[in-house]
Amino acid sequence: MDNTFQVDLRGVVDLLSRHLYSSPRVYVRELLQNATDAITARRAAEPGAPAAVTVTVTDPGGDARGGGLVRVSDTGIGLTEDEVHVLLATIGRSSKRDELGFSRHEFLGQFGIGLLSGFLVADEITVETRSARGGPTVRWTGTSDGRYRVEPAATERAEPGTTVTLRARPDAAEWVTWRTVTELARLYGALLPFEVTVNGRGVTLDGPPWLAGHASPAARRSALLAYGEEQFGFVPLDVVDLAVPEAGLTGVACILPAPANPAARGGHRVYLKRMLLSDSADGLLPDWAFFARCVVDATELRPTAGREALYDDDLLAHTRDELGRQLRDWLVRVAGTEPERLRAFLALHHLGVKALALHDDDLLRLVDQQLEFETSAGPMTLAAFRAVHPQGRYTADVDEFRQLAAVSAAQGVGLVNAGYVHDAEILAALPRIDPGARLDRLDPGELATRLGPADPDAELRARPFLAAAARALDPLGCQVVLRDFDPAALPALYLTSRAARHHAELRDARDAGDELWADVLGALERSVAADRPSLVLNHRNPLVRRVTGLPDLSLAATAVEALYGMALLHGHHPLRPADTAALNRSFLGLLDWAVQGGHGRD
């Protein structure tokens, strides 16, 4: 014998409140959706039928039962007694719902499921309805324990339509105050195409603001900027019109007037068929467009089961790509017509533009010609930098740039700081738009060959010092070189080529590994040509000249260790244990020398 499932309504309501809906506040949205669908159904048969939703709220107060009352009345198609039994007393009867015409494309939701949301705040719901197809007014009363009854209403409605009444439980009284219901009705129903009032006060607008007529483009822009501020709490840098016909989507994107975190997903305000779906939806724009917040209305995009987010299907993916293209076209248009606005935008949102430029030649040209990069000659665009330094170089490390920028500029080598997000990839992509637009990465070891040699006589006098310095730094894997270069204020420079860096990494890995890996890495290390880092001492610096002339070679070696440690710190190079030991040793040695010298002079 076949058995039928028994539905525990309390369990269903608990499922809705804990897993389907994010908050009890959605009951207002669901009741508005039911009213909207009823009006849509009636107007399909009677185009001139009245269209209005009236919400009446009685705040909690002296009532002994503790909760407030909410009544939502519409001028929609209403229900017959048979339809009441089918739509309000069953869950999931989609075939019968289709037969009655309540699952059409233009409807927002399903009447029975929407009504269940009322049990999030109430234990009893009453529906009084009169069908436009004829018949008496019917009263349906349902309780959260799964019982319901249907009976003739005590009074006959003068016009077709439906009134839903619910009384809040004491623990949900906050959701049925006049202020809360008004705010929620305005939040969800502001764009509905008919009047919605709460206790006589209208909460709807005259349609989507981006579709409204204005006296001039300037007036329209001002109105949309004000609307963006109202929706998001900031005055947009600009507003961009959006439209995706396949999704039935129209709307605007508001450009943020302040830098945004690329990792933070932007929340967009999304309406479906004029009813708010979410005021913090994500996935509507490509990841690179984190500088925009959108307000859109769509007819074809699908909501998730809880109707609080968009279902990520092929249509949403197409919509996301199309909206990204429209933002990209806006950027190109602004670049050609409003350079001041473009510069203001790039100063705030260059990360998003660079991310897009990696895959778009027009945006890559924009970045090349309009976006300023940090260079050894000061901030300038890449195009301007190449014009001044056709053989320029770049470094992909911010610390390396800060260490080498002044030295590089003094030697006539232009240097670009490509150590920030996407910068190195942008430089590598430049030949896509200009085959001659090539910047090579600077090898710090190469810079040593561009530094001027010290005076031969000075180098000859410094030979004993250089020998002592070489013995001091040899255990640290570093050679000492004496050069004469600008800026004179810089006493020492630690330079290591990429080959030397690789060699050092192999050595460190060998020292840290077990015996087997030490043998393997040792073989690899021997196969790599030895290329030691250099401590370049600047003979133009007064301190270095005094150090190279010290008669006490042990003191000179200690001073060189100090200069070595200072150069490592200045260049933000990692300190190995041996480097730290040398730095400590030199500090204590120089301190001891200073103390002894002080006593000797007393």
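**Reading the labels in a predicted model**

Mentor: This model is predicted. Start with two helices: α9 and α10 cross in a left-handed way.

Trainee: Where are α9 and α10, and at what angle do they pack?

Mentor: Helix α9 covers residues 339-357 and helix α10 covers residues 361-370. They pack at about 135°, and their axes are 10 Å apart.

Trainee: Which residues of α9 and α10 meet?

Mentor: From α9 come Leu 342, Arg 343, Leu 346, Val 353, Lys 354, Leu 356 and Ala 357. From α10 come Leu 363, Leu 364, Leu 366, Val 367 and Gln 370. By class, nine residues of this contact are nonpolar, one is polar and two are charged.

Trainee: How do α8 and α9 pack?

Mentor: Helix α8, residues 314-337, packs with α9 at about 145°, with the axes 10 Å apart. This crossing is left-handed. Among the residues in contact are Trp 330 and Leu 331 of α8, and Phe 345 and Leu 356 of α9. The contact divides into nine nonpolar, one polar and two charged residues.

Trainee: Now Asn 417. Why does Asn 417 count as buried?

Mentor: Buried means under 20% relative accessible area. Asn 417 has 1%, so Asn 417 is buried. Asn 417 sits in strand β17, residues 415-417.

Trainee: Is Lys 273 buried, partly exposed or exposed, and how do you know?

Mentor: Lys 273 has 21% relative accessibility, so Lys 273 is partly exposed. Lys 273 is in the loop between β11 and β12. Phi of Lys 273 is near 55°, a positive value in a residue other than glycine.

Trainee: Where is His 572, and what is its phi?

Mentor: His 572 lies in the loop between α20 and α21. Its phi is also positive, near 55°.

Trainee: What kind of peptide bond joins Asp 486 and Pro 487?

Mentor: A cis bond, with omega about 0°. Pro 487 is in the loop between β20 and β21.

Notes. Residues numbered from 1 in each chain as written. Predicted model: local features only at pLDDT ≥ 70, side-chain atom pairs only at ≥ 80, totals over all residues. Heavy atoms only, no water. Helix = DSSP H or I, 4+ residues; strand = E, 2+ residues; numbered from the N terminus. Buried < 20%, exposed > 50% of the residue type's maximum accessible area, 1.4 Å probe, protein only. Axes fitted to C-alpha atoms, helices over the stretch in contact; angles between N-to-C directions. Left-handed = near helix turned anticlockwise from the far one by under 90°. Contact = heavy atoms within 4.5 Å. Nonpolar A, V, L, I, M, F, W, Y, C, P; charged D, E, K, R; others polar.
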